[in-house]
Amino acid sequence: MKANLLMGAEDSIKTTTEPPKQKVSSGIMYSLLFVWAAIQIFPIYWLVTFSLKGNSEIFGGNALGLPKEWLWGNYTKAIVNGNVGRYFINSVIVTGATILITVIVSLMATYALTRMIFKLKKPMNTLYMLGLTVPIHSALLPVFIMLRNFKLVNSYTALILPYVAFAIPMAVMIFAGFMTSIPIELEESACLDGCSIYQVFFKIIVPLMKPAVATVAIFTFLQAWNELMFAVVFISDTKYKTLTVGIQSLAGQYTIDWGAIGAGLVVATIPTLIIYIFMSRKVQDSLVMGAVKG
Amino acid sequence: MEKVWGDKKAILFFLFPSFVILALIIITPIMMSSYYSLLDWDGFGKGTFIGLNNYIRLFKDPAFIKSVRNSLVFAFASIAIQLPISLLLALVLAKGVKYERFFVTVYFIPVIISTVVIGQLWMKIYHPEYGLLNMFLKTVGLESVTREWLGDTKTALIASVVPVLWQYIGYHMLLLYAGIKSISTDVFEAAKIDGATWGKTCIHITIPMLKPILKVSFTFAVVGALKVFDLVYVLTRGGPARASEVTSTLMVETIFKSNSYGYGSAMAVFVVVECLVLYLVIGKLFKEEV
């Protein structure tokens, strides 16, 4: 007890005499924070600048600065000749469909899993949550064989189905957290007014779930837009390649033309960055929520 | 209400679509993979049942053992390097600094960018002639250190680990930062009144209270590391001479390049079991410490 008191006294003396020292340490702290910010952002700055340069600038004297000559032609090269435009559209289709289906089927499932009453409710919940821990590795070959049997390799479905499947568990979890906070009285009074269960779901629950839908949509977007393993195995036809696989082909096609590759990389990243710039808080929240609940 | 919520038809209606997709893509494949792993099968025709021979072969296969070891290097680096940096950043930022939002937002940017893009970008950074890294080393007079980072068996693995660490530091930082922010400010005020310095508050109050989030971070770092595929696939495809091979890249190669469907499935099952075991172990570790 005495020792504690003494320690406390010592500390308080320290804090009262510390201000000048603290200023120096906070100066160091801020410089470290800014240096770290530079470390995280610099490679991306470098990417954007070299996507607008020719090889002579990148390999010559101007590796780091802004382009002296802004070569927008790199972008035409990547988008048109390098097929990045095609890949981009495919990614939009696959990701868009994935988000839409995931949101709809997960909302429905969540309603049954949180509100409705049935015997197998507990094991059913466990089953849905199991999907959170299963690595996609276990699905790769069996799903490939299924797709091959149904002649679905090289199609949008080949990617949309697995993406939806692996997005459902997380979506259900996020939705469930949100749905349980909706007061039951709303649904009860609607029922008394003669609404059917379907009306209760579509007219009362779904509109109330909007904020959670945004969270799930962002989470699913990032997963599907950036996925590589399924895409590499299930898609070999340029017609259906998404950006992640497409970029690999582009890099193979233009090995020594860094500008064109850079342009492709920038194009692949722009939608994500735009979403992030406008909704950085929401994007961060959705990723944190996904992790913490998992 | 119970009557309405007990409506069997409605339950079926709500659960059916997602259940079919889960059953088809997640549940059945686990069983199929386990079954395939007992076969000697090239993917065409019928496989022959060989019991556990694929698994026995796994543990005698130097390529596989190397890949597991490399995956563990990824996991170890995440725990030993990534998490401490993330924790430190989170602690500093949550303490309340100027431009707090700006820093959080910037640190998080690499997380949302596709690993393929990150991989291609780092490939350029590592480029032996024109890459930033060697250029930098030459400028500061360390020309002797420059090398073909991804092509050298000595450095390929480390060179693959660094971008993963770099990309996800912001992720763990944000998780921990959100965790600290959710601790009641009363606690910190009480500590301040008692005269505790910031460092002491962190060690004695913040970090112990962060344990549940640290567990999440820890689990993600380890399990994520064991599943690494994208970055290695883009940077090195596991080469040179398997120096940077991880279990995921080896599995894809074994199945789709060598057409060893059975043997590759044994690897897939191994990854599933490995992740599951680590989930449990980490859960236990954090429980006992509390």
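Helices (H or I, at least four residues) and strands (E, at least two) are DSSP runs, numbered from the N terminus. This is a predicted model, in which local features need pLDDT of at least 70, side-chain atom pairs count only at pLDDT 80 or more, and totals for chains, interfaces and linings use all residues. Residues are numbered from 1 along each chain as its sequence is written, while chains are lettered from A and ligands numbered from 1 in the order in which they are written.

**View 1. Chain B as a whole.** Chain B holds 14 helices and two strands. Along the principal axes, its C-alpha atoms fill a box of roughly 75 × 75 × 35 Å. Of the 290 residues in chain B, 45% are buried; a residue is buried if 20 or more other C-beta atoms, placed from the backbone, lie within 10 Å of its own, exposed if 12 or fewer, and partly exposed in between. Two residues are in contact if their C-beta atoms, placed from the backbone, lie within 7 Å. Among contacts in chain B with a separation of 6 or more, 71% join residues 24 or more positions apart.

**View 2. Helix H8 of chain B.** Helix H8 of chain B covers residues 156-181. Its 26 residues should span 38 Å at 1.5 Å a residue, and the end C-alpha atoms are 39 Å apart, which agrees; the expected span is 1.5 Å times one less than the number of residues. At Tyr168(B), H8(B) bends by about 35°, the bend being the angle between axes fitted to the seven residues ending there and the seven starting there. Because 21 of the 26 residues of H8(B) are buried, the helix is largely enclosed by the rest of the structure.

**View 3. The contact between chains B and A.** Chain B gives 76 residues to this contact and chain A gives 70 residues. Helix H2 (residues 8-36) of chain B supplies the largest share of the chain B side, 16 residues. By class, the chain B side has 56 nonpolar, 14 polar and six charged residues. Here Ala, Val, Leu, Ile, Met, Phe, Trp, Tyr, Cys and Pro count as nonpolar, Asp, Glu, Lys and Arg as charged, and the others, Gly among them, as polar.

**View 4. The two domains of chain A.** Chain A is assigned domain 1 (25-71) and domain 2 (82-293), with bounds from an automatic or database domain assignment. Nine residues of domain 1 and seven residues of domain 2 take part in their contact. On the domain 1 side, helix H2 (19-50) and helix H3 (55-59) of chain A each supply at least two residues.

**View 5. The largest nonpolar core.** A nonpolar core is a set of buried Ala, Val, Leu, Ile, Met, Phe, Trp, Tyr and Cys residues joined through C-beta atoms within 7 Å. The largest one has 171 residues, of which Phe175(A), Ala90(B) and Tyr177(B) touch the most other members. Helix H8 (residues 156-179) of chain A gives the largest share of this core, 18 residues. Both domain 1 and domain 2 of chain A give residues to this core, so the core lies between them. Not counting residues up to four places away in sequence, Ala90(B) touches Met173(B), Leu176(B), Tyr177(B) and Ile180(B).

**View 6. Tyr254 of chain A.** Tyr254(A) is found in the loop between helix H13 (243-253) and helix H14 (258-293) of chain A. Tyr254(A) is buried, with 20 other C-beta atoms within 10 Å.
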